Amino acid sequence: MAAPTQSFDVVVVGGGVIGLATALRAADRGLSVTVCDPDPGSGASTVAAGMLAPVTEAHYTEQALVRLTLDSVARWPHLAAELLERTGVDPAYRECGTVLAAADGSDLALATELHAFQRSLGLSVDRLTSRELRKLEPMLAPGVRGGLFVAGDHQVDPRRLVPALLAAVRAAGVELCAQRVAAVELTGDRATGVRLADGTRRAAGAVLLAAGPWAGDVDGIPPGVVPAIRPVKGQLLRLRVPSALYPPERPFLRHNVRGIVRGASVYLVPRADGELVLGATMEEQGFDTTVTAGAVYELLRDAREILPGVSELAVAETRAGLRPATADNMPALGATSLPGLVLALGHFRNGVLLAPVTADAIAAVLAGEPLPEVAQFFTPERLLRPATPVAVR
């Protein structure tokens with residue numbers, strides 16, 4: 001006999017940081033929620049460095065994203081404190097700021113251009129000399145030419161955040177279903193639930209697709225409803241700082257550090273427990289998650305240019321993860337043309353950073369409210385419109 005179909009207000013497809021945070025906020029609104037994922041919290045969230053960097057992540061073609069990231073970073077202190085209070089698990093939110101260091105004159109020119117762009121958006125960024133940077137971070141290389149300091153860029157530890165979110169959703173009554181979703185099920189022209197890989201079903205008033213780069217693996221959705229999501233590979237290293245050499249009162253690094261080295265970007269994120277996260281590559285390699293010798297070499301080489309002391313540190317781990325990206329590298333948020341199907345996809349480099357604002361916005365939609373104004377630019381329709389033809393003379 002087939003197992004009876006269970007029914008919920010919301011089925012969340014995908015148990016990463018975005019899916020879990022949104023499930024929590026939906027449950028807080030009184031909705032019954034299930035999260036379907038074969039291994040919740042095990043995806044890119046465990047690889048991410050956890051930089052909350054709306055300013056130093058601001059890119060020239062992504063001005064619309066800046067407001068969303070600034071809104072989200074302002075929500076992080078409340079979310080971190082709330083998770084600790086609810087679960088006793090500290091997600092290790094730290095307000096530490098970010099130092100951006102330019103390795104040579106050409107890199108300093110890029111940093112200067114970036115500073116002008118950031119200032120044009122009204123962002124708070126300080127331009128510093130080499131000496132001023134080394135006062136903030138004495139371990140920086142003497143040859144560093146100068147750079148920037150952003151007091152408003154912070155960090156959280158995703159490997160602590162995920163357990164906190166899992167504990168919080170369980171406490172809120174969310175069902176965690178350790179199954180892969182095979183298909184979205186339709187009744188007429190509406191999404192009304194999902195079919196799982198084992199053949200069982202979850203009926204729901206709404207289906208939230210938050211499956212990252214695997215969103216395209218979910219069958220049953222008509223063509224032209226969900227924009228394409230591609231995986232972008234990122235490799236990083238986790239290093240260990242010896243506590244005997246660098247005690248808490250004299251840490252190896254005090255801030256997040258970004259380097260521009262021969263035009264390329266590298267970052268280092270120090271944890272209070274002595275871990276140092278070094279990343280990350282940006283590779284269009286499909287679903288490949290192989291760690292390569294070349295990537296490890298290049299990350300260490302570039303990091304050493306701005307921070308020679310990394311050569312002394314032990315390599316604790318090498319990992320590769322997949323960032324979910326849309327065609328314009330900005331997220332797809334909100335209802336779709338298929339009634340009952342809602343998206344929280346394509347967060348690319350900013351999944352952890354955007355978790356609070358995404359969760360609040362999508363929970364509002366799931367509760368029957370309009371998408372909040374701060375997120376309205378990011379509706380899926382913008383990615384599905386035909387490209388405007390270019391006249392050729």
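Colleague: Before we go on, what am I looking at, and what got counted?

Modeller: This is a predicted model: local features need pLDDT of at least 70, side-chain atom pairs count only at pLDDT 80 or more, and totals for chains, interfaces and linings use all residues. Residues are numbered from 1 along each chain as its sequence is written, and side-chain values use heavy atoms, with hydrogens and water left out.

Colleague: What pLDDT does the chain average?

Modeller: The average is 94, and 97% of the residues score at least 70. pLDDT is the predictor's confidence in each residue, from 0 to 100. A contact means heavy atoms within 4.5 Å. Where pLDDT is low, the predicted coordinates should not be read in detail.

Colleague: Back to α2. How many residues does it have, and what span does it reach?

Modeller: α2 covers residues 63-87, so to speak 25 residues, and reaches 36 Å from its first C-alpha to its last, close to the 36 Å expected at 1.5 Å a residue. The expected span is 1.5 Å times one less than the number of residues. After α2 comes Gly88, with a positive phi near 80°.

Colleague: Which residues of α2 are buried?

Modeller: Among them are Leu65, Leu68, Ser72, Trp76, Leu79 and Leu83. Buried means under 20% relative accessible area, exposed over 50%, and partly exposed in between (1.4 Å probe, protein chains only). An α-helix has 3.6 residues a turn, so residues three or four places apart point the same way. The cover over the buried residues of α2 includes α1, β3, α5, β17 and α7.

Colleague: And what does Trp76 touch?

Modeller: Leaving aside neighbours within four places in sequence, Trp76 is in contact with Leu52, Tyr93, Val156, Leu161, Val352, Leu353 and Pro356.

Colleague: Which residues touch the most other members of the largest nonpolar core?

Modeller: Of its 52 residues, those are Val33, Leu68, Trp76, Leu208 and Leu366. A nonpolar core is a set of buried Ala, Val, Leu, Ile, Met, Phe, Trp, Tyr and Cys residues joined through side-chain atoms within 4.5 Å. α1 gives the most to this core, with 8 residues.

Colleague: New topic: is Arg238 buried or exposed?

Modeller: Arg238, in strand β12, counts as buried because its relative accessibility is 2%. Its side chain makes a polar contact with the side chain of Glu275 (3.5 Å), and a polar atom of the Arg238 side chain lies 3.4 Å from the backbone oxygen of Ala48. A polar contact is a pair of N or O atoms within 3.5 Å; within protein, one must be able to donate a hydrogen and the other to accept it, and residues adjacent in sequence count only if both atoms are side-chain atoms.

Colleague: Where is there a cis peptide bond?

Modeller: A cis bond joins Gly279 and Ala280, with omega about -15°. Ala280 lies in the loop between β15 and α6. Most residues other than glycine have a negative phi, and most peptide bonds are trans.

Colleague: What is the phi of Phe348?

Modeller: Near 50°, a positive value in a residue other than glycine. Phe348 sits in the loop between β18 and α7.

How values were computed
Helix = DSSP H or I, 4+ residues; strand = E, 2+ residues; numbered from the N terminus.
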